[in-house]
Amino acid sequence: MFLCAHLQPIKSQQLSSPPPDLTVESLSETTHWFFTWIHLQVHHLIMSVPCRTQTDARVAFQSCKSSDPKDRVEFYDNWVENYEKDHSLMSYRSPHLAVDFLSENFSGSPEEARVLDVACGTGWVAKLMAELGFRHFMGVDGSKGMLEQAAKTGLYQDLKLALLGPEPLPAPTDTFDVVIVTGGMDAGFIPVSAVREFCDAAKPGGFVCISRGDHTATPSIEFRKELERELQLMEDEGLWSPVGVKETDKYMENPHLDAERVKDLQQEERYISGRVYLYKKSIH
């Protein structure tokens, strides 16, 4: 990793083969040429191999074991540079699944729609939605480092730092055409109670889109049950109506599997399932 991060290319002319004639008189020049050539070849070899591997990504996913929200924030602050790369290495599809399902059901004008991107991270969702014509984004995240990375996309008109659960959602009510949350809702992350705040932030007739993976740990299983009870309760209360639920067998590769165990599994056995919940806020 040190070499990949710090070895810089030589600024001299590119050399592809040694000088044809080696003489005593040119020994000094040839020696210099030789070490320059070796340096270039080593640099090319190192830089042609990805510096980040799936094993690295698994280690990163598994290294945050604390349930303390502050510890998790610090972890994500330190993960900023490799966040998207590591998720891509694990075939993470949450942003794509959510944006695709939303776009299939969104009939308004993307250019005029206001989007609240909750747990926005590095801005992955906004980048996907911008490709579909969406232009107005507000982002919320508990990690300052993630927000700084999101700001670099140039897509957000407003970014707010907030650790949801301990802190309220810093967004106006009845305002957004779309409230979208990808991958942020699980045990130890955004609590189920925040769902009502998402609904409050949406304008009447607006969409609330939540995607999450079916992680296999017991707390995650219990979280899903609690979440779906709350979603149904809010429907019964007339706060919103379901547009649909989109399920997938390949939400992402299971990040908690040991690298050695993965080698013995079939491709389909390496994945966890997931789902996208899409609701439309009631018009009163």
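Helices (H or I, at least four residues) and strands (E, at least two) are DSSP runs, numbered from the N terminus. The model is predicted: local features need pLDDT of at least 70, side-chain atom pairs count only at pLDDT 80 or more, and totals for chains, interfaces and linings use all residues. Residues are numbered from 1 along each chain as its sequence is written, and side-chain values use heavy atoms, with hydrogens and water left out.

The protein has 11 helices and seven strands. Of its 284 residues, 43% are buried. Buried means under 20% relative accessible area, exposed over 50%, and partly exposed in between (1.4 Å probe, protein chains only). The accessible surface of the protein comes to about 15,400 Å². Carbon and sulfur atoms account for 53% of that surface. Accessible areas come from the Shrake-Rupley method with a 1.4 Å probe; for residues, only the protein chains shown count as cover. Contact means heavy atoms within 4.5 Å. Among contacts between residues at least 6 apart in sequence, 73% join residues at least 24 apart.

The largest nonpolar core has 39 residues. A nonpolar core is a set of buried Ala, Val, Leu, Ile, Met, Phe, Trp, Tyr and Cys residues joined through side-chain atoms within 4.5 Å. Met 129 and Ile 180 have the most contacts inside this core. Residues up to four places away in sequence aside, Ile 180 touches Ala 98, Val 99, Leu 102, Val 115, Leu 116, Asp 117, Val 118, Val 125, Met 129 and Cys 209. A second, separate core has 29 residues, including Met 138, Phe 176, Leu 227 and Met 234. In soluble globular proteins, nonpolar side chains tend to be buried together.

Helix α4 spans residues 69-79. Its buried residues are Arg 72, Val 73, Phe 75 and Trp 79. These lie on the same side of α4, because they cover an arc of only 160 degrees around the axis. The arc is that of the directions from the helix axis to the C-beta atoms. Exposed Lys 70 and Asn 78 sit on the face turned away from the buried side of α4. Cover for the buried residues of α4 includes α3 (54-63) and α5. At the start of α4, a side-chain oxygen of Asp 68 reaches to within 2.8 Å of the backbone nitrogen of Lys 70.

Helix α8 covers residues 144-151. Gly 145, Met 146, Leu 147 and Ala 150 are its buried residues. Their cover includes α4, α5 (83-89), β2 (136-141) and β3 (156-161). At the start of α8, a side-chain oxygen of Ser 143 comes to within 3.4 Å of the backbone nitrogen of Gly 145.

Several loop residues were examined. Lys 65 lies between α3 and α4. Lys 65 is exposed, with a relative accessible area of 72%. The C-alpha atoms of Lys 65 and Gly 188 are separated by 9.9 Å, although these residues are 123 apart along the chain. Asn 254 is found between β6 (240-253) and α11 (259-262). Asn 254 counts as buried, at 9% relative accessibility. The side chain of Asn 254 reaches the backbone nitrogen of His 256 at 3.0 Å. Neighbours within four places in sequence aside, Asn 254 contacts Arg 58, Met 90, Thr 216, Arg 270, Tyr 271 and Ile 272.

Two non-glycine loop residues have a positive phi. For Ala 119, phi is about 55 degrees. Ala 119 lies in the loop between β1 (114-118) and α7 (124-130). At 24% relative accessibility, Ala 119 is partly exposed. For Asp 174, phi is about 50 degrees. Asp 174 lies in the loop between β3 and β4 (176-182). Asp 174 is also partly exposed, at 45% relative accessibility.

Strand β4 contains Asp 177. Asp 177 is buried, with a relative accessible area of 17%. The side chain of Asp 177 makes a polar contact with that of Lys 203 (3.3 Å). A polar contact is a pair of N or O atoms within 3.5 Å; within protein, one must be able to donate a hydrogen and the other to accept it, and residues adjacent in sequence count only if both atoms are side-chain atoms.

Cysteines complete the survey. A disulfide is a pair of cysteine sulfur atoms within 2.5 Å. By this rule the count is zero. Cys 51 is partly exposed, at 26% relative accessibility, whereas Cys 120 is buried, at 5%.
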